[in-house]
Amino acid sequence: MNDKDLMQDILLLEKGACDLYMHGTIESPTADVNHAFKTALNDSLTMQEDVYKKMSSKGWYQTEQAEQNKVDTLRQKFSAN
């Protein structure tokens, strides 16, 4: 396993953790539990962003620029609702 593969795995794990923490936050039965999940979610989002930035700087995570007409179409679709 090389560094790129390892970073991809870490990124996927962080995304999964964010998903779990988000659902925990939504379903929290008390303010204390909600606060704990929100804190964990924010920490996990920060780690996810750090991993993404590192991968992006090495050229391991490439994003594509969205076409403006597609963005406009989606904006119109969802603003109509």
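**Aromatic pairs and helix packing**

At 30% relative accessibility, tyrosine 21 counts as partly exposed, a class lying between buried (under 20% relative accessible area) and exposed (over 50%), with a 1.4 Å probe and protein chains only. The model is predicted, so local features need pLDDT of at least 70 and side-chain atom pairs pLDDT 80 or more, while totals for chains, interfaces and linings use all residues. Residues are numbered from 1 along each chain as its sequence is written, and side-chain values use heavy atoms, without hydrogens and water.

The count of aromatic pairs comes to two, where rings of Phe, Tyr and Trp (its six-membered ring) pair if their centres lie within 6.5 Å, and planes under 30 degrees apart are stacked, over 60 edge-to-face and the rest tilted. The rings of tyrosine 21 and phenylalanine 37 have centres 6.5 Å apart and planes at 55°, so this pair is tilted. It links distant parts of the chain, with tyrosine 21 in helix 1 and phenylalanine 37 in helix 2, 16 residues apart. Phenylalanine 37, at 28% relative accessibility, is also partly exposed. Tyrosine 52 and tyrosine 61 form an edge-to-face pair, 5.0 Å centre to centre with 85° between the planes.

Turning to the helices, which are DSSP runs (H or I, at least four residues) numbered from the N terminus, helix 1 (residues 3–26) and helix 2 (residues 31–57) pack at about 155°, with their axes 8 Å apart. Helix 1 is therefore roughly antiparallel to helix 2, a term for angles over 145 degrees. Helix 3 (residues 68–79) is hardly covered: among its twelve residues, the count of buried ones is zero.

How values were computed
Axes fitted to C-alpha atoms, helices over the stretch in contact; angles between N-to-C directions. Helix = DSSP H or I, 4+ residues; strand = E, 2+ residues; numbered from the N terminus. Parallel < 35°, antiparallel > 145°, perpendicular 65-115°, else oblique. Expected span 1.5 Å × (residues − 1).
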